[in-house]
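This report describes a protein chain for a reader who is new to structural analysis. Please keep the sequence and the model in view while reading.

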Amino acid sequence: MDTFTDLCHINVKGGDGGAGCMSFRREAFVPKGGPDGGDGGHGGNVVVVADPQLSSLIDYRYKHHFKAARGIHGKGARRHGADGADLELRVPLGTVVRELDPTTQEPLYEIADLTSPHERVIVASGGRGGLGNTHFVTSVRRAPAFAEKGEPAQDHWIELEMKLMADVALVGMPSVGKSSLIARISAARPKIADYPFTTLIPNLGVVRAKDGQSFVCADIPGLIEGASEGKGLGHQFLRHIERTALLAHMVDVTGGFEGRDPIDDYRIINRELEAYAPELSRRPMVVLANKCDMPNTEGKVEELRRMAEADGHQFFAISTVTGQNLDELVVWCASTVAELRQELALTEPTEDRSEFWENLRKRRDNHLTIEREERHVWRVSGTAIERMVIQTDWDNDEAVAYLQHRFDRIGLDDQLIKAGACNGDEIRILGFAFNFEAAGAQEIDEEEVPSDATSLSETLDDSDVTVVDKD
């Protein structure tokens with residue numbers, strides 16, 4: 001049974017935040033007890049964690065919906081609600097996480113690339129718990145009769161794509177001997193047979209050289225002409241070549257059962273690699289002429305040697321049956337991988353980037369967009385600003401007034417003025433609309449509408465602001 005899965009789409013939802021409590025202390029001998037509403041608990045996050053013990057995304061092949069626990073509502077007597085527990089989704093090293101368009105299911109942007117053990121990223125943040133009315137006491141508001149609602153959690157679809165973390169990738173046409181080679185030089189035991197596409201999933205094996213050095217080798221299912229365009233089985237596995245330090249290009253010098261020309265095979269695979277990702281054509285490569293122990297292959301071996309060396313590649317004539325030159329090949333690959341690892345460590349040190357991914361997520365959440373939808377209508381969007389609106393009790397005038405105070409405090413009015421909004425314009429956030437009234441803003445002039453608000457980036461409480469004018 002095939003249990004290898006390297007690409008899947010899943011729906012993730014954090015836990016909703018608990019509502020804050022609006023309560024006043026009421027007990028004997030305390031006739032004028034103050035507010036004592038507790039805060040709602042925060043919802044749990046859905047977190048993706050890189051686990052070095054995993055080798056496939058099989059856990060997400062049949063189950064596609066994952067939800068964290070919600071926060072508990074606050075209560076009177078300053079009793080705060082408990083936070084919801086986080087939900088951890090474990091994935092193999094080398095997994096790329098992307099945001100998906102909810103309509104087309106096409107990737108929008110990369111959320112994280114998890115390459116270090118136990119590296120983690122929040123993919124669906126839990127909703128914040130609402131504040132109880134104890135937080136809204138001021139010198140003029142002694143008995144606030146409102147509290148915040150809990151925030152609904154993020155609910156969206158993401159893509160998980162696993163790319164093998166191997167040092168050497170064996171590539172070539174079907175049935176050239178890749179599986180036989182990895183079985184000969186490592187403890188891996190892939191299926192081996194004399195028909196094309198015997199290998200349907202990548203196989204990994206740890207190879208140890210006589211000098212003690214070792215490397216991880218991946219046997220990639222056979223490629224054919226047009227693989228970069230989706231033909232055959234190779235296209236779905238080309239992603240696993242991207243992270244390898246060294247490519248081992250194997251060619252069957254006998255031409256196989258189909259009597260192919262080895263030189264054409266060599267050229268075809270190189271073209272497919274370059275078509276899929278031009279960077280792969282510049283990746284260090286060793287060319288392996290397999291089955292060189294067969295009669296009447298000397299001419300093809302030498303022709304392939306000349307071509308490989310002309311392209312600047314190392315060349316070995318080998319036999320996976322007799323073991324010819326395999327020891328020399330393993331020693332060379334081990335030393336080359338060690339050198340490449342050292343170069344990579346100097347340029348791209350491997351480290352846990354969990355904090356980096358979290359800061360990137362917070363920056364996306366705090367991003368604010370101001371967009372002109374009509375002549376005097378503006379749309380304000382962004383996770384942080386929408387959170388304020390969602391958590392407001394719109395049936396309570398005090399709560400609505402407090403929201404306006406928060407807008408003023410973070411400088412939203414200033415940003416709207418810079419964008420070109422005039423007093424009397426309609427400001428829309430989610431499903432709510434406000435009339436814009438701010439000191440310093442222009443009054444609506446029917447003869448002249450601001451037209452210079454094309455695109456800008458300002459600071460709004462340490463957040464980026466983008467203004468788009470579609471008028």
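## Loops, helices and the chain as a whole

S175 lies in the loop that runs between β9 (168-171) and α1 (178-185). The model that contains this residue is predicted. S175 has a positive phi of about 60 degrees, although S175 is not a glycine. Most residues other than glycine have a negative phi. With a relative accessible area of 32%, S175 is partly exposed.

K291 is not a glycine, yet K291 has a positive phi of about 65 degrees. Its relative accessible area is 27%, and K291 therefore counts as partly exposed.

R128 is found in the loop between β7 (120-124) and β8 (155-162). Is R128 buried or partly exposed? At 47% relative accessibility, R128 counts as partly exposed. Leaving aside residues up to four places away in sequence, R128 touches G17, H42, G150, E151, R387 and Q391.

T244 belongs to the loop between β11 (214-219) and β12 (246-252). T244 has 2% relative accessibility and so counts as buried, a term that means under 20%. When residues up to four places away in sequence are not counted, T244 touches A166, D167, V168, A169 and R283.

| Residue | Relative accessibility | Class |
|---|---|---|
| S175 | 32% | partly exposed |
| K291 | 27% | partly exposed |
| R128 | 47% | partly exposed |
| T244 | 2% | buried |

The report now turns to helix packing. Two packed helices are described by the angle between their axes and the distance between the axes.

How do helix α2 and helix α3 meet, and at what angle do they cross? The axes of α2 (residues 262-276) and α3 (residues 298-310) come within 9 Å and cross at roughly 30 degrees. Angles under 35 degrees count as roughly parallel, and α2 is therefore roughly parallel to α3. Their crossing is right-handed. On the α2 side the contact is made by P262, I263, Y266 and R267, and on the α3 side by K300, E303, L304, M307 and A308. By class, the residues of this contact are six nonpolar, no polar and three charged.

Helix α6 (residues 383-390) and helix α7 (residues 397-410) form another packed pair, with an angle of about 160 degrees and axes 10 Å apart. Because angles over 145 degrees count as roughly antiparallel, α6 and α7 are roughly antiparallel to each other. The crossing in which α6 passes α7 is right-handed. I385, M388 and V389 in α6 meet L403, R406, F407 and I410 in α7. The contact of α6 with α7 has six nonpolar residues, no polar residues and one charged residue.

The secondary structure of the protein chain comes to eight helices and 20 strands. Of its 471 residues, 50% count as buried. The protein chain exposes about 23300 Å², of which carbon and sulfur atoms supply 49%. Among contacts between residues at least 6 apart in sequence, 71% join residues at least 24 apart.

Terms used
Residues are numbered from 1 along each chain as its sequence is written. This is a predicted model: local features need pLDDT of at least 70, side-chain atom pairs count only at pLDDT 80 or more; totals for chains, interfaces and linings use all residues. Side-chain values use heavy atoms; hydrogens and water are left out. Axes are lines fitted to C-alpha atoms, for helices over the stretch in contact, and angles run from 0 to 180 degrees between N-to-C directions. Helices (H or I, at least four residues) and strands (E, at least two) are DSSP runs, numbered from the N terminus. Angles under 35 degrees count as roughly parallel, over 145 as roughly antiparallel, 65 to 115 as roughly perpendicular and the rest as oblique. A crossing is left-handed if the near helix is turned anticlockwise from the far one by less than a right angle, and right-handed if clockwise. Contact means heavy atoms within 4.5 Å. Ala, Val, Leu, Ile, Met, Phe, Trp, Tyr, Cys and Pro count as nonpolar, Asp, Glu, Lys and Arg as charged, and the others, Gly among them, as polar. Buried means under 20% relative accessible area, exposed over 50%, partly exposed in between (1.4 Å probe, protein chains only). Accessible areas come from the Shrake-Rupley method with a 1.4 Å probe; for residues, only the protein chains shown count as cover.
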